[in-house]
Amino acid sequence: MKDGTGRSAVLIQNPFGRDHLDLGGAWPVIVDPRAPGLHPPLPGRDISGLVQGRVAGGGLELVEFAFTNARTLETGRDWNTQQAQLFFYESAIWHRRDFTAGKKSGRRYLLHFGAVNYRADVWLNGAYIGAHEGGYTPLAFDVTDALGEGDNFLIVKADARLDAATVPPLVTDWWNYGGIKREVLLLSLPDTYIRDYWIRLDDLATRRVRASFFLDGAAGGAEIELSLPELGETARAVVNDAGVAEVDFHTEAELWSPHRPQLYDVEIRCNGETIRDRIGFRTVERRGADILLNGEPVFLKGISAHDESPRHDGSAYGIEDARALLSLARELNCNFVRLAHYPHHQFVARLADEIGLLIWSESPVYWQIAWDDAATLQNARAQVRAMVERDRNRCSVVIWSVGNETPPTEPRLAFLKALIEEVRQLDDTRLVSAAIYGRDRDVRQPVVNTIRARLLTDAEVTEGTKTPVRDALLAAGVDADDRAALERLALAPRLSIDDPLSDYIDVIAWNEYFGWYYASQWAATVPIDEATMARMFLDLMGELAFDPAADKPLIVTEFGADAKAGFEGDDVTMMSETYQLRIYELQLAMLARSRKLRGLSPWVLKDFRSPLRTHPVYQDYYNRKGLVDETGARKKAFAYLQKIYDRLGDAPLQFMERKIAARDGPG
Ligand code: GCU
């Protein structure tokens, strides 16, 4: 597709705060499952006519596509949930937008997209503009030269195809919602404009604010004025020849926090442009195993969430969807939300700033990535950079995550270290993490050996059952005939949660599924039948404890269980609300024994669509670990977690260790 003339996409800070024409709406489309590039152009299907805006001439002219009289799709929404035929669709769709624009000399014009999943190719008035890969971060192209005075036509090919080299990869446990899912704006800017700015509290003790700016088209010597009108504070910075300006000043601003989400109007003026934003001033740091917000330890009472809205089917977008999601987290008494597994739309962090929620933002480096592929790393770097640059003015964002559940191999370590370096270069004021699942030798092996020892020391277990277990324990290097050793082994271990990544991240974030996956995954290695393993696990959860070896905070970023809302069941029936509740009770009692636990974000706020969850009765393409289902129906575990978080107040979970009994909840 690219004829080599494509220009690179850039990221423009605060696009809605610029002079803009909103191009969102119903666009005519051509669904093109065999997207060009997969086959030679056929007569009448040579898309060069399509992108040139050729209209079927009728008569003897063969043209086999047209936007006139075509179906339309709304931008700002995925295509999967707009038309039933597109529910499973993951290939290419051509979109056309005709619009009228004024064009003034001495102005620059940028075409900004909030996100296009997964790849976008853009033409304007027949000229190829460029391509962008990555379905969850903004992209903008300078189209000044291609924009016409008056009528224009814009063609966007959105291609949702993923593969082994994309980020995310082909296999994910969430729906690959395709299309122009967020905003499309035509921005009008001065010939030298502020492309990026970053304003943050840089030093708590002295209340020093640092403001950084980048001018595009910079003429060295230009002056930027930054003011906080409510505080009567103003600072000025002079741009250097590279277009960069920095200024420090001390502020009287009140600190931002979840209890007091104090934001200030900010005005930035340069070259005739005034940009307005709202900024909160706070610091977040790590001291040993504590997370400090404004110098004080904080416990993250969180929940994980995908960017789906309780208001409608499909991907979320816009202030109302953000409000629906964060209101649900607020109702749960959360002070923290893990936005999994990719950057959510920009309204979420902006609203979190306003209402006082702490945010974990994550890049879609998920499961099996092409760790050795240089282009994949380049793509991941670009997506991490865009994630940070878009939201680093959002005080609610406290943790950047460079991945989720990736295998602890050397190629992965090198890949993630490069991403961590990228983040730290862009932002030295926040914590960096990645959700891990722990090493086999730290988690599965000790637990399996404890299960084996318990079976061998249980007089009621038959010799037939014991024999293979004994053999497995001997093979694991344990003297299965040493009774005292077995009895020691049968005691629940305090597990060490570590990963080669532990040295490079600030927060150890651990996904664990005790009570859900592990019995089915590990029973065969004991060996024992799954139901027995599951029962032994439920007992063991009452004794297990965890801590990272590193002197760093632990956040349990995932635990949970599927439950079909309305299926009451009982506490030994998976997929039932009662069993989900039991897992929450056991998990919270278990995690309260962890000395370095400084937060949790159970999986997951709302049932979400997934191609991997196909059970026709319980799932039907929904992952049902939500505390509410897609209709907003609350499950039993919702009220339980809500109560625990309410009782906690600002205290860590350990505060309730004595009170959280596995069956009756907090007193
Ligand atoms: C995984 C993963 C999630 C997934 C969840 C589950 O650990 O991080 O993306 O949806 O667990 O299995 O439900």
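**Pockets, salt bridges and a surface patch**

The second largest pocket has a volume of about 480 Å³. Of its 24 lining residues, Glu405, Tyr437, Tyr513, Tyr518 and Gln521 are the closest to its centre. The model is predicted, so local features need pLDDT of at least 70 and side-chain atom pairs count only at pLDDT 80 or more, while totals for chains, interfaces and linings use all residues. Residues are numbered from 1 along each chain as its sequence is written, and side-chain values use heavy atoms, with hydrogens and water left out.

**Pockets**

- A pocket is an open set of points on a 1 Å grid over the protein atoms alone, with protein on both sides within 12 Å along at least five of seven lines; lining residues have an atom within 4 Å of a point.
- A volume is the space filled by probe spheres set on the points, which are joined across faces, edges and corners.
- Helix H9 (residues 518–522) gives the most to the lining of the second largest pocket, with three residues; helices (at least four residues) and strands (at least two) are DSSP runs, helices being of type H or I and strands of type E, numbered from the N terminus.
- By class, the lining of the second largest pocket holds ten nonpolar, six polar and eight charged residues. Here Ala, Val, Leu, Ile, Met, Phe, Trp, Tyr, Cys and Pro count as nonpolar, Asp, Glu, Lys and Arg as charged, and the others, Gly among them, as polar.
- In the largest pocket, 36 residues form the lining, and Ala9, Val10, Ala382, Arg385 and Glu389 lie nearest the centre.
- H4 supplies the largest share of the lining of the largest pocket, nine residues.
- The lining of the largest pocket divides into 15 nonpolar, ten polar and eleven charged residues.

**Salt bridges**

- Side chains of opposite charge can pair when their charged atoms come close.
- The structure holds 54 salt bridges, each being a side-chain nitrogen of Lys or Arg within 4 Å of a carboxyl oxygen of Asp or Glu.
- Asp145 and Arg7 form a salt bridge whose closest N and O atoms are 2.9 Å apart. Asp145 lies in the loop between strand E8 (139–142) and strand E9 (150–159), and Arg7 in the segment before strand E1 (19–22), so the pair ties together parts that are 138 residues apart in sequence.
- Asp145 is exposed at 60% relative accessibility, and Arg7 is partly exposed at 23%. Buried means under 20% relative accessible area, exposed over 50%, and partly exposed in between, with a 1.4 Å probe and protein chains only.
- Asp547 and Arg595 meet in a salt bridge (3.9 Å, N to O). Asp547 lies in strand E28 (residues 545–547) and Arg595 in the loop between helix H11 (577–591) and strand E30 (597–600), so this pair ties together parts 48 residues apart in sequence.
- Asp547 is buried, at 7% relative accessibility, whereas Arg595 is exposed, at 56%.

**Surface patch**

- Leu170, Val171 and Leu612 make a nonpolar surface patch of about 260 Å². Patches are made of residues with over 30% relative accessible area and no salt bridge; like charges are joined within 9 Å, and nonpolar side chains (Val, Leu, Ile, Met, Phe, Trp, Tyr) within 5 Å.
- Accessible areas come from the Shrake-Rupley method with a 1.4 Å probe; for residues, only the protein chains shown count as cover.
- Leu612 lies in the loop between strand E31 (608–609) and strand E32 (622–623) and is partly exposed, with a relative accessible area of 39%.

How values were computed
1 Å grid on protein atoms, 1.4 Å probe; cavity = no way out; pocket = protein on both sides within 12 Å on 5 of 7 lines; lining within 4 Å.
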